[in-house]
Structure formats: structure tokens, C-alpha cells
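Please look through the model shown here before reading on.

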Amino acid sequence: MNDELRRHYERWVYPRYPLLASVRPWDTYALNLDTLHARFNGALPSSHARRILLAGCGSFSPYPTSLANPGVPITALDLSAANLRRARLHCLVHGRFGVDFERGDILDPAAASGEYGFIDSFGVIHHLADPLEGLRALERRLAPGGILRLMVYSRGGRREAESIRTALRLLKIGDVATVKRLIRRAPAGSRFRRYVDASSEAAFDAGIADAFLHPRTRTYRIDELMALVAETGLTPLMFAHDGALPSIPEEVARLRRLEREGEETPNFILYLGRQPLGECGLSPDARLMLNPALRTAVGPLRLAPIVIPPRLGRPNSPLGFVEKRFLRRFISPVPVASLAPEERERARPFLDALFLVAFR
């Protein structure tokens, strides 16, 4: 069913990061299974749910996901053997193991079978002929309480790219070499030249192919995305794109306003849950734990302040000596009842940022 997509990614491995490109462990904090499950269920995942699926893993994501989740079994599923070879090589170069690389289609029930506590599907379903079928296929693989991270193109974020794609189709241009010649000849200040100069993807061949020559791409307005999700049994939990508000209704309203005013919108990143039990917050019977991906960031020998890149759409405050010392207290879980009221208030922003997690 997805042969055209497979051929595209066999030809254009994506994303094409250098093999030596690395990430720091704390950059992966929004991919940690224990933290995500506890955030939205108030409990750590059961042994049954301690599995991760990268649904359309591309050539890079197995590396940071395995870095965020040492010891957790990870299945990296992709249509493209070329993507999987590159992803496997990137993991080997950086000493990451425990990833099962599987070539297959998310629409095939036999592919990546079983249930998973966390599924990451970043930039995938908007390339399917039937995105709802793809979303339901992912839902069926989620364990109860499981979390799905979804990224889809927004109409406002892809406006210029889609205009270029349409123009290239009308001109019957379908090869990267010709697009690169057009880029070189584009007048300074033209819409085309401004877009490619600002686009990181236009700097390399696979990026050009993905941005302008992809065989199937769909964009969404926010109401279209929410209607798609409503066709499933999944619960919207949190938006995580740039500028996202913590409240789902408030963020939907903000995005609607941007769309009405013709403003650019970010591509949508949304965490969804299957039968989530809800957060337990700083209730007296809960325990508070440091996000495991941040352990090296707060180590006593790391003296310089650290600014952790935002992964939930909102900037993170710098972690100086005082903040790191406070967070180190929670490397092992600490009962909330043992904290003074001022300590609980001090922990709250870190809980919101996903640096700390509460669970029963």
C-alpha cells in the first residue's frame, strides 16, 4: 500500500545527519517512558508496558530514544531498509544497543506486534493515504495508559513549502538536481529564495526531496487535527510544539486565532493517551522522582549552569548550582509527604517542565 513512500525513502534517507552528530542525555528528557507514563497516569509503567515503538523511525530517532531509555526494549519500524541501515549504524557509532530494527508498515498488524507503553510517530501519518487508518493502527498497539507522541504538518507552517510543491508539480519537475538549479537561479528577495534560505532542509539533497518532492503530504488546520483524534479512542494530553500553552483548550483556541489571522503556525506536536488515569500531582501519598534523562545534567561535578532545550513548547529556566543541588535530591524517589510546603512549591515548576515526575 505504501510502496511509493518506501521507494522515496530508499532513495532519500531522512534525516541525513552526520554519523558523528550526537545529543546530550538531557536533551532527550521528553522521550523518557517512565516520566511520560507517570506524568499522565500517576504511576510508573508495568513491566508489560515497558516497551517503546518508533513508528516510522527514519534514520536517526532510535539513537536519542535509546539514550533516554537505557534498558528498555525499543522497536524501530520503518518502510525503508536504507533508513534502518543508517539508524542502526548511528546507534552503533554511539554505543546504543537494545533496539530491534524492523522493516515494515504500521498498517500491517503483523509488524511491530504487541502493546507498547510509548509510541513515537513523528512526521508519519500525514504521509499516509488514510491518516485515520494509520492513527487507529497506532492506537491498537498502545497498552492501557500508553502514550503516543504525534507530529503532523500544520497548514500555516507549511504554506510556503506547499506552494513550492504545487509549482514544481505544475512545471513537471520531479528531481532534486533541477530543484537545486532553480534555487541557485532564484532572485534574491523572491519568495522562493527567502524560503530556501531560511529552511535547514533546503541545505541538503534529502531535505529538498522531503520538503518539495515527497510523493504524498497532507497538512492540517487545528480543528481538522482534533477531529481526526476524536475519531479514535485516544485522549489529547499535551501540546509540545513551539509556543504551546499547557491547557489543551487554550492552545486550540490560540491556534484557531492564528489561523483566522493568517499567521504562521508551528507544525503540531501532540501527546495522546490510551485510557490515561490522570496525574497524581503533589498529593501527600505520591513520590517525586527526577526524570532519569537528567541525571548526568545535575551531577555534582557539572558546575556550569545548563539550559536544557525546550521540548514541551515552553522555555526552560537555567539550571544553576542551587537548582541542580535541589534536583539531585530526587534521583531516588522521595515521598511528597516528607517535603516542607516551600519545597513542594519549589518542585512544582520542575514538575510542569517534566524535569520531576510524581507517581504513586
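## Spaces, cores and helix faces

The second largest pocket has a volume of about 250 Å³, a value that, like the others in this report, belongs to a predicted model. This pocket is lined by 13 residues, and those nearest its centre are Pro315, Asn316, Ser317, Pro349 and Ala353. Helix 13 makes the greatest contribution to the lining of the second largest pocket, with three residues. Sorted by class, the lining of this pocket holds eight nonpolar, two polar and three charged residues.

Rolling a probe the size of a water molecule over the atoms shows where empty space is left. The count here comes to one cavity of 30 Å³ or more, and the largest cavity has a volume of about 40 Å³. Its lining is made up of Ala38, Arg39, Glu279, Cys280, Gly281, Leu351, Val357 and Ala358. Helix 2 (33-41) and strand 10 (356-359) each supply at least two residues of this lining. The table sets the two spaces side by side.

| Space | Volume | Nonpolar lining residues | Polar lining residues | Charged lining residues |
|---|---|---|---|---|
| Largest cavity | about 40 Å³ | five | one | two |

The largest nonpolar core has 58 residues, and Tyr29, Tyr271, Leu288 and Leu356 are those with the most contacts inside it. Apart from it lies another core, of 37 residues, which includes Leu5, Ala55, Val229 and Leu272. What does Leu288 touch, if its neighbours within four places in sequence are left aside? Its contacts are Leu282, Phe330, Ser332, Pro333, Val334, Val336, Leu339, Ala347, Leu351, Leu356, Val357 and Ala358. Among these contacts of Leu288 are Leu351, Val357 and Ala358, which also belong to the lining of the largest cavity.

In helix 1 (residues 3-11), the buried residues are Leu5, His8 and Tyr9. Seen down the axis of helix 1, these residues fall within an arc of 90 degrees, so they line one face of the helix. Helix 4 (81-93) and helix 9 (205-212) are included in what covers them. In helix 12 (residues 321-328), the buried residues are Lys324, Phe326 and Leu327. Because they cover an arc of only 160 degrees around the axis, they lie on the same side of helix 12. Their cover includes strand 8 (287-290), helix 13 (341-352) and strand 10.

Finally, two single residues can be followed in detail. Leu168 is found in helix 6 (residues 159-170), and Leu168 counts as buried because its relative accessible area is 5%, where buried means under 20%. Not counting residues up to four places away in sequence, Leu168 touches Ile173, Val179, Leu182, Phe212 and Leu213. Is Arg51 buried, exposed or partly exposed, and why? Arg51 counts as partly exposed because its relative accessibility is 25%, which falls between the limits of 20% for buried and 50% for exposed. Arg51 is found in the loop between helix 2 and strand 1 (52-55). With neighbours within four places in sequence left aside, Arg51 is in contact with Leu33, Val72, Pro73, Thr75, Ser113, Gly114, Glu115, Tyr116, Gly117 and Phe118. The C-alpha atoms of Arg51 and Leu255, which are 204 residues apart along the chain, are separated by 33 Å.

Methods: Residues numbered from 1 in each chain as written. Predicted model: local features only at pLDDT ≥ 70, side-chain atom pairs only at ≥ 80, totals over all residues. Heavy atoms only, no water. Helix = DSSP H or I, 4+ residues; strand = E, 2+ residues; numbered from the N terminus. Buried < 20%, exposed > 50% of the residue type's maximum accessible area, 1.4 Å probe, protein only. Contact = heavy atoms within 4.5 Å. Arc of directions from axis to C-beta. 1 Å grid on protein atoms, 1.4 Å probe; cavity = no way out; pocket = protein on both sides within 12 Å on 5 of 7 lines; lining within 4 Å. Points joined across faces, edges and corners; volume = space filled by probe spheres on them. Nonpolar A, V, L, I, M, F, W, Y, C, P; charged D, E, K, R; others polar. Core = buried A, V, L, I, M, F, W, Y, C linked by side-chain atoms within 4.5 Å.
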